[in-house]
Every structure is written in C-alpha cells, then in structure tokens.
Amino acid sequence: MKRIATIQDISCVGKCSLSVALPIISALGAEAAALPTAVLSTHTAFPDFTFRDLTPDIPGILRHWRQEKIHFDAVYSGYLASHEQIRLVEELFDLASPGVLRIVDPVMGDHGRLYTGFDRSFPESMRELCASADVILPNLTEACLLAGISYRETLSGEESAALLRRLAELGPRYAVLTGAADEDRRQIGALCFDRSENRFHAHYTRLLSPAFHGTGDIFASTMAGALVRGLPIDRAMALAVDFTAECIRLTPTDPALRRYGVHFEAALPWLIRRIGQECGGPDDTDRTAET
Ligand code: PXL
C-alpha cells in the first residue's frame with residue numbers, strides 16, 4: 001500500500017486539514033501518516049479559536065522517521081502556521097528520496113484575503129516551498145499571492161493560463177488552479193498546467209455553491225490519494241473536482257453552516273466506488289519490508 005506523509009493542522013471542529021485528509025486518503029486506498037502542525041479548537045474562520053503550536057515536536061518526529069528509514073510515496077503539505085513550519089516541510093522534502101511526490105497546497109487565503117494569523121511576508125516563504133514541489137494546488141487568491149499580482153475575482157481563460165504558466169516557472173511540474181470558473185462562469189472546477197508536456201488540462205462541473213469551508217482541503221487530499229494510486233494528473237484532477245462537487249451536493253445549503261464544512265462523510269462510498277473503477281480494485285500491493 002502506498003504511504004503519504006501529510007503535514008497540516010488538526011482543527012477539532014470545522015472539517016478541514018487532517019480531519020478530512022485522513023479519511024479521504026484512506027478511502028482512496030492509501031495510508032495516511034499524519035504529521036500534525038498545530039491543534040486548534042476550530043479553524044481560524046471561527047472567532048476566539050485556541051491554538052497549540054506543535055512546531056517543537058516536528059524535528060523529533062522527522063528524526064525518528066529517518067532513523068526507522070520509513071518510506072513515503074508522497075509528502076503532502078496543507079495549512080502551515082508559520083515560516084518555521086514551512087522550513088520544516090522543506091527539510092522533509094530534502095529528506096525524501098528521488099521519485100517521492102511532493103505536493104503543496106499553499107493554504108493562505110480565499111476571496112482575495114489572507115486567512116487570520118498570516119503576516120504579509122508569508123506568501124514569500126510559501127513561494128519558496130512551492131518552488132521545490134512537484135504539484136501545487138492554489139486557489140485563485142493563493143495563486144495571485146504566489147505570483148505577486150493583485151487579486152481579481154474573475155480571470156479570462158487566457159489570464160488563468162498565463163498565471164499557471166508563471167507559477168509553474170517557479171519550479172513545480174504541475175500547477176493546478178482550484179475553484180476555477182470556466183469561460184462563461186456557468187461551471188467550476190480546476191485547470192492544470194503541465195510544464196514538462198507544455199499542455200493544459202481542465203475539468204469542470206455544474207456551478208455549485210463554492211463558499212463552503214474546507215473544500216480546498218478535500219480537493220487536495222483527493223489529488224494526493226489519487227496521484228499515489230497512480231492516476232495521471234488529468235484523471236486525478238477530474239476525480240477531485242467530481243468528489244468535491246458530490247460533497248457539496250450532499251450538504252444542506254444553510255449559509256450559517258458553511259463554516260462547518262461539507263458532508264464529505266456521506267460521499268465517501270461514492271469515492272471508494274470511483275477509485276475502484278479507476279484503479280481496478282483496492283491497492284493490495286504487498287511490500288516486502290514493513291517500510
Ligand atoms: O481549510 C484551510 C484551513 C486549514 N486549517 C486552518 C484554517 C484553514 C482556513 O481557514 O484556518 C486552521
């Protein structure tokens with residue numbers, strides 16, 4: 001079975017980060033090794049959340065993994081709370097052997113604004129992390145922050161393509177824009193630029209309410225699981241778009257509940273069926289050694 005190290009926080013309430021990454025990666029038939037960066041009572045869109053920084057624990061965890069020669073097929077980072085945590089993910093990337101997929105969801109903001117708690121220099125550090133990734137998964141706000149351009153709510157197809165080319169020039173092979181609208185703004189999905197092949201892939205679905213919290217984390221976790229299961233980028237992206245839409249479809253539309261995230265649990269059977277169809281059954285590949 002493939003193993004993914006996923007580095008992000010635990011928000012106890014609000015269905016995002018590790019709370020969605022672990023079940024989704026498991027449902028996709030891969031092992032999720034959690035490296036928690038912080039424990040929060042809720043994610044930061046709730047007022048008065050508590051925050052326990054776990055940064056001091058991370059070097060010891062990395063040391064132990066190294067000592068045990070634990071192998072990861074992918075390293076996937078999500079919400080990181082500080083410049084120091086970004087630096088530790090870079091260290092983990094350096095440790096990873098060649099061929100290990102490095103996936104960065106550069107979680108920083110939405111709707112043109114940085115999330116609470118990030119300073120204005122955070123995007124600069126995140127840009128450096130993206131430079132050493134294979135796959136980056138920004139939303140439009142994050143893509144603009146990474147490219148150092150001002151945010152606009154809508155981009156034409158050509159502008160989105162230029163933005164992705166610019167982000168891929170930072171270093172990653174694949175730059176994937178999430179929550180992207182199609183040209184006539186009737187559909188939403190994702191657009192990917194593959195730098196090595198110099199080509200774009202797009203996948204859209206009917207426009208559903210995009211304003212639920214945590215959908216970016218659901219998309220990124222699905223991408224991570226699907227990619228380690230061996231799906232090519234376009235099929236992984238299509239699966240991630242369709243699963244995120246399925247989660248939204250199964251969630252009551254009460255705007256007051258949006259910060260509680262989507263009912264992804266109800267969509268897990270759908271995901272398990274789809275990955276079975278895509279990969280021809282569960283991943284029961286045996287490893288000869290435990291690692
Ligand atoms: O869903 C992204 C996310 C993850 N973790 C925490 C957050 C957010 C977005 O606000 O606050 C703690």
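Biologist: How do the residues lining the second largest pocket divide into nonpolar, polar and charged?

Modeller: In this predicted model, the lining of the second largest pocket comprises 13 residues. Ile70, His71, Phe72, Leu95 and Ala96 are those that lie nearest the pocket's centre. By class, the lining divides into nine nonpolar, two polar and two charged residues.

Biologist: Which helix gives the most to the lining of the second largest pocket?

Modeller: The second largest pocket has a volume of about 240 Å³. Helix H3 (83-95) and helix H2 (58-67) each contribute at least two residues to its lining. With three residues, the helix that gives the most is H2.

Biologist: How do the residues of the shell around the ligand divide?

Modeller: Among the residues around the ligand are Ser11, Cys16, Leu40, His43, Tyr79, Val107 and His213. Asp9 and Asp217 also belong to this group, and aspartate counts as charged. The shell divides into five nonpolar, five polar and two charged.

Biologist: Which residue has a side-chain N or O atom 2.6 Å from an oxygen atom of the ligand?

Modeller: A polar side-chain atom of Asp9 lies 2.9 Å from a nitrogen atom of the ligand. For Asp217, a polar side-chain atom lies 2.8 Å from a ligand oxygen atom. The 2.6 Å distance to an oxygen atom of the ligand belongs to the side chain of Thr44.

Biologist: What percentage of the ligand's accessible area does the protein cover?

Modeller: The ligand on its own has 320 Å² of accessible area. Of that area, the protein covers 98%.

Methods: Residues numbered from 1 in each chain as written. Predicted model: local features only at pLDDT ≥ 70, side-chain atom pairs only at ≥ 80, totals over all residues. Heavy atoms only, no water. 1 Å grid on protein atoms, 1.4 Å probe; cavity = no way out; pocket = protein on both sides within 12 Å on 5 of 7 lines; lining within 4 Å. Points joined across faces, edges and corners; volume = space filled by probe spheres on them. Helix = DSSP H or I, 4+ residues; strand = E, 2+ residues; numbered from the N terminus. Near = heavy atom within 4 Å. Polar contact = N/O pair within 3.5 Å; in protein donor to acceptor, adjacent residues only side chain to side chain. Areas by Shrake-Rupley, 256 points an atom, 1.4 Å probe, with all protein chains shown as cover.
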